[in-house]
Amino acid sequence: MKAWQHFKTITKHRMLVMRYCFKVGLYYQGLTHDLSKYSPTEFLVGAKYYQGDRSPNNAEREDTGMSKSWLHHKGRNKHHFEYWVDYGIHCDTVIEGVPMPRKYVAEMIMDRISASRVYLGKDYTDQAPYEYFVKGKDHLWFVHPKTLGQLEFLLKMLSVRGEDATLWYIRNRFLKGSKLPEYRNTGDERK
């Protein structure tokens with residue numbers, strides 16, 4: 001039963017991400033998003049720890065101290081900033097984040113919107129992905145500052161301006177290389 005529920009959850013998530021990716025012109029990424037979740041390494045763990053209202057990877061971590069499923073997933077999916085970590089040469093830490101290409105930042109936004117929609121259901125709002133980001137921001141020291149700034153800007157835009165305006169901006173400005181304006185909390189991210 002948990003395997004079927006997990007299958008339905010990850011498939012629903014994938015279909016949402018696909019729909020959002022298509023809206024911003026990321027067709028290949030929409031089609032291939034999270035395919036590794038169907039591999040035995042990820043699927044079996046997901047089914048075992050399935051709860052329906054959060055990632056099974058967190059339950060696996062709580063049970064075993066780590067998530068083999070997550071280690072497998074982040075190494076194969078470029079829309080996670082953990083994929084974009086390398087050894088640092090001139091830094092205070094052993095590892096450091098490198099800038100993510102914009103198409104993967106955009107896919108990450110689609111992933112966060114979709115995950116929030118799946119896990120929150122009818123309680124979803126356009127503020128939810130930004131609120132989730134803010135809760136964990138202090139732990140993202142390994143993310144490249146440029147990537148972190150792009151992610152925060154786009155999630156804040158989603159929170160303030162809504163889904164339609166943000167998807168339009170991602171497709172017509174962000175993915176075409178436009179410089180991000182400095183965000184000022186005025187309700188208009190283009191100022």
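Is Ile113 buried or exposed? Ile113 is buried, because its relative accessible area is 1%. Buried here means under 20% relative accessible area, exposed means over 50%, and partly exposed is in between, with a 1.4 Å probe and protein chains only.

Before going on, a word on the source. This is a predicted model, in which local features need pLDDT of at least 70 and side-chain atom pairs count only at pLDDT 80 or more, while totals for chains, interfaces and linings use all residues. Residues are numbered from 1 along each chain as its sequence is written, and side-chain values use heavy atoms, with hydrogens and water left out.

Back to Ile113, which sits in helix α6. Helices are DSSP runs of H or I with at least four residues, strands are runs of E with at least two, and both are numbered from the N terminus. Setting aside neighbours within four places in sequence, Ile113 is in contact with Tyr20, Tyr124, Pro129, Leu158 and Glu163. Contact means heavy atoms within 4.5 Å. Between Ile113 and Leu158 there are 45 residues of separation along the chain, and their C-alpha atoms are 9.2 Å apart.

Next, the core. The largest nonpolar core has 34 residues, and those with the most contacts inside it are Phe81, Ile109, Met110, Leu154, Ile170 and Phe174. Such a core is a set of buried Ala, Val, Leu, Ile, Met, Phe, Trp, Tyr and Cys residues joined through side-chain atoms within 4.5 Å. At least two residues of this core come from each of α1, α6 (102-120), α7 (128-136), α8 (145-161) and α9. Phe174 touches Arg102, Val105, Ala106, Gln150, Leu154, Tyr169 and Leu180, if residues up to four places away in sequence are not counted.

Now helix α9. Its buried residues are Glu163, Thr166, Leu167, Tyr169 and Ile170. They lie on the same side of α9, because they cover an arc of only 160° around the axis; the arc is that of the directions from the helix axis to the C-beta atoms. These buried residues of α9 pack against α1, α6 and α8.

How do α1 and α9 cross, and at roughly what angle? The axes of α1 (residues 2-24) and α9 (residues 163-172) come within 8 Å and cross at roughly 55°. That makes α1 oblique to α9. For the terms, axes are lines fitted to C-alpha atoms, for helices over the stretch in contact, with angles from 0 to 180 degrees between N-to-C directions. Under 35 degrees counts as roughly parallel, over 145 as roughly antiparallel, 65 to 115 as roughly perpendicular, and the rest as oblique. On the α1 side the residues are Tyr20, Phe22, Lys23 and Val24, and they meet Glu163, Leu167, Ile170 and Arg171 in α9.

Also in α1 is Thr9, which counts as buried at 13% relative accessibility. Thr9 touches Tyr50 and Val118, again not counting residues up to four places away in sequence.

Last, two residues elsewhere. Asp34 is in the loop between α2 (27-32) and α3 (40-48). Its phi is near 55°, a positive value in a residue other than glycine, and at 1% relative accessibility Asp34 counts as buried. Thr41, in helix α3, is partly exposed, with a relative accessible area of 39%. Thr41 touches Ser69 and His72, not counting residues up to four places away in sequence.
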